[in-house]
Amino acid sequence: MLEESESKEPAMNPFQKNESKETLFSPVSTEEVRPRPLSLPKKPPPKICGSNYPLSIAFIVVNEFCERFSYYGMKAVLTLYFLYFLHWSEDTSTSIYHAFSSLCYFTPILGAAIADSWLGKFKVLSLVGLSLIALGTGGIKPCVAAFGGDQFEEKHAEERTRYFSVFYLSINAGSLISTFITPMLRGDVQCFGEDCYALAFGVPGLLMVIALVVFAMGGKIYRKPPPEGNIVTQVAKCIWFAISNRFNNRSGDIPKRQHWLDWAAEKYPKQLIMDVKALTRVLFLYIPLPMFWALLDQQGSRWTLQATRMNGNLGFFVLQPDQMQVLNPLLVLIFIPLFDLVIYRLVSKCGINFSSLRKMAVGMILASLAFAVAAAVEIKINRMTSLQPGPQEIFLKALNLADDEVKVTVLGDENNTLLEESIRSFQKMPRYAQLHLKTKSQDFHFYLNYHNLSVYTKHSMEEKNWYSLIILEDGKNISSMMVKDEENKTTNGMTAVRFVNTLHKEVNISLGADISLSVGEDYGVSAYTTVHSGEYPVVHCRTEDKDFSLNIGLLDPGTAYLFVIINSTNHDPQAWKMEDIPTNRLSIAWQLPQYALVTAGEVMFSVTGLEFSYSQAPASMKSVLQAAWLLTVAVGNIIVLVVAQFSGLVQWAEFILFSCLLLVVCLIFSIMGHYYVPIKPEDLQEPADKQIPPTQGNMINLETKKTKL
C-alpha cells in the first residue's frame, strides 16, 4: 500500500519536494507511465565455472551457432542454386540473392518492436523466431545479441564486452562448418542424378530445430527483462510531437530550447526524451554504414561467381566455388583473438586511442582494399580466358580423326597461304588458329595431304565465329567437314561437352536425369551441352541394338570438351577426350588475399559495431538499436541489387566502383565520428533534481493543447 500511494502522489501534486524520477508534466492518458512493483532482491544467476559469465549465455551461444549454421549453410549454395538449377543469369542470381539478404535484415525492425513492446526478447526467440524461419530471422537477429548482453550485470561490463566477441565467434563457427559441408552435400551427393540441393537445404533446416531445443533448455535460468511498452511507436510519436510542437511555436517571443527533442517535454517523460536523444545520435552515425555491408555480402554472390571461373584443383583437394566462402568464418575465428589479444593491446601500448569508431573506419579501408584486389584478380582471369574473335576475324581448329598424319594447308582468295600445319592422328590441338577475313563472309580453300593423296575442298566462313575442321577417314580416302562451334560454349563457370560419333549407328547419351542427347551415325556431331563439373566415370549410352557406358573422367569448371566415340576391338566403344577451351589455369587460391582483407575489415567493423550499438543504446531501446544496425545490412544489400541490375559495368569495373564508393563513405564516417561523443551509462539516467520546468516566462502560451499538469 505504501508503494501504491507513493507512485500515485506525484500525479496529484507535481510540485512536491519528494518527487521521483517523473517529470513535472505527466504524460497524456495514452502515454501514462505504469507504476512499477517493488523489486525484491533476486538470487544471483549461476555462473560458468566460478567466473563472472552467466551460465545462461552458454545456451545463447550454442543456439546462435546452430541458427547461424542453418542460415549460412543455406546461403552458401543459394547463388549456385539460382545459377545452375534455376538457370538464371549471373546478374539475376546476384540480385535475387541480395534481395533475400535484404529482406532478412529488414524484418528485424518488426522483431525488435515485438520484443521490446509485447513478448520480450526471450519469447520472440523461442516462439516466433525459431518457429517461422522465414520471418524468424527478423525475430532472432535484433534480440539474440541484446538478450545475451542482458544476462550481465552492469558491474561486469568488461565480461559483457568479451561476450560479444565470443558471440561473434559462435556465429562464424557455425558459418565455417556449414559453408564447408553444405557445398559438399550439394556437389558430392547425387539426388535424382543431379546435385542434391534438397539435402543441402535440409541439413540447415535440421540445425534450426536443434537451435530451438537448445535455447528452450536454458529457459529457467535466463534473466528476462520485461518489455517496456511499444517503444518503436513511442519513439516515432515523440519525434513527431517534438517536430510539430516546434513548428507550431516558432515565434521569436518563445524561448529556444537546448535540443529540438526538448519540444516534446509537454507530453512525454524526460527519461524517454533522453533515450530518444541517445538513439537519434547513434542512428545519425549509422547513415554511412550500409556501403560496408554492400561490399561484405558480395562474398556469397559476385566473389562466388568469380570463383566459378577459376581452377579449384589444389592438388590434394578440389575446392567447389561456393566452398571458398569458408575462408571468411575460418579467418574470423583466427582474427578475433589475434586482434583482441595482440593487435589492439600493441596499439594501446603505443599510446594510440583506438576507439570503436576508429576501428570501424579502419575496417572500411580494409574492405575497400579487398575489392581493389578482387578487381585485379578479375582482370587476370579475363586475360587468361580465351579471346573472342572480332570483326572480320575467325578462330579455326583442325581435328584429325584419320589413322595417320595429315598436312593441312589453308589458302585465301588470292591463293596466299594463311595456315599450314601437319596434324597427327587424334592429336590434341592446344588452341585455335586466328584467321582474318576481307569481308564479313569469305571462302577458304583447304588442301589435305594424306599419304600420297591430296584432297581439295572449299568452305565458307563468317566473321566472329569459331570453327572446327574435322578430317574423316573413309577406307583409304579422307574427307572433311566444317563445324561451326557455339559462340558461348561455357556459361557461368559450368562445363560444356559435345560428341563426335564415328560408329555406324546413332548413339543416345545420358549425362544426368534431365540431360540427354542423340549423336548421328558416321561422324555425326552434337551441339554443345552444358553440364555440371565433376567426375563422370559412367555415362550411359545406347544404340538400337546395344547398351554400353563411357568413362569421360573429370570435367573441370569453365572448360569445353570434345569427345570422339570410337570402336574398340576388344571392348565396348570408348571416348577420346580433348579440350576445346582449356580450363582457366588461374588457381582459386588467388582469392585468399581479398578474403583476408575483407575478413580483417569485418572483425574491426562488425564485432566493434555490435558492442558499440549495445553500449550506446538506452536500456529500453537495445533491441531497437540492434535492429537499426541490422537495417544497415539490408540497405547495403539493396545497393548491390541496384548496381547489379542497372550499372552495366564489366565485373572488374564494378569492383573498382564499390571500392571507391566505400573510401568516400569512410571519409564521411570519419568526420562524423570525430564529432561524436560516446554516451556513458550514467548519462542515460535523469537525476531527480535536474528537471527543467516547462513553464518559464511566456511558455504558458505554447500551443500544446493536450498537455496537462
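1. Let me start with Asn637, which touches His98, Ser101, Ser102 and Asp297 once residues up to four places away in sequence are set aside; contact here means heavy atoms within 4.5 Å. Asn637 lies in helix H17, residues 622-646. Helices (H or I, at least four residues) and strands (E, at least two) are DSSP runs, numbered from the N terminus. At 0% relative accessibility, Asn637 counts as buried. Buried means under 20% relative accessible area, exposed over 50%, and partly exposed in between, with a 1.4 Å probe and protein chains only.

2. A word on provenance before going further. This is a predicted model, in which local features need pLDDT of at least 70 and side-chain atom pairs count only at pLDDT 80 or more, while totals for chains, interfaces and linings use all residues. Residues are numbered from 1 along each chain as its sequence is written, and side-chain values use heavy atoms, with hydrogens and water left out.

3. Now the overall picture. The secondary structure of the protein comes to 18 helices and 21 strands, and buried residues make up 51% of the 709 residues. Among contacts between residues at least 6 apart in sequence, 71% join residues at least 24 apart. The accessible surface comes to about 34000 Å², of which 60% belongs to carbon and sulfur atoms; such areas come from the Shrake-Rupley method with a 1.4 Å probe, and for residues only the protein chains shown count as cover.

4. I would look next at the open sheet of four strands, ordered S6-S3-S9-S10 with mixed pairing. S6 and strand S10 (477-484) stand at the edges with a single partner strand each, so one side of each is left without a neighbour in the sheet. From one strand to the next, the twist averages 30°; the axes behind this angle are lines fitted to C-alpha atoms, for helices over the stretch in contact, and angles run from 0 to 180 degrees between N-to-C directions.

5. How do the strands join up? Strands of a sheet pair through backbone hydrogen bonds, either parallel or antiparallel, and the criterion used here is that DSSP finds at least two bridges between them. S3 is joined to strand S6 (residues 433-436) by four bridges, running antiparallel, and Glu393 has His436 in S6 as its bridge partner. Seven bridges link S3 to strand S9 (residues 465-474), this time parallel, with Asn400 partnered by Ile471 in S9. Between S9 and S10 there are eight bridges, and these strands run antiparallel; Ile470 stands opposite Met481 in S10.

6. The charged end of Lys397 sits over the ring of Tyr432, 4.7 Å from its centre. The test for this is NZ of Lys or CZ of Arg within 6 Å of the ring centre and within 35 degrees of the ring normal. Lys359 also lies over the face of Tyr344, at 3.9 Å from the ring centre.

7. Two buried strand residues are worth a visit. Phe446 lies in strand S7 (residues 441-450) and is buried, with a relative accessible area of 0%. Its contacts beyond four places in sequence include Leu396, Val410, Tyr456, Leu469 and Met482. Phe446 and Ser480 are 34 residues apart along the chain, and their C-alpha atoms are separated by 9.4 Å. Thr495, in strand S11 (residues 495-501), is buried too, at 0% relative accessible area. Among its contacts beyond four places in sequence are Thr529, His532, Asp556 and Tyr561.

8. Finally, two backbone details to check by eye. Gln392, in the loop between helix H15 (356-384) and S3, has phi near 50°, a positive value in a residue other than glycine, and is partly exposed at 35% relative accessible area. Asp522, in the loop between strand S13 (516-519) and strand S14 (524-525), has phi near 55°, again positive in a residue other than glycine. Asp522 counts as partly exposed, at 42% relative accessibility.
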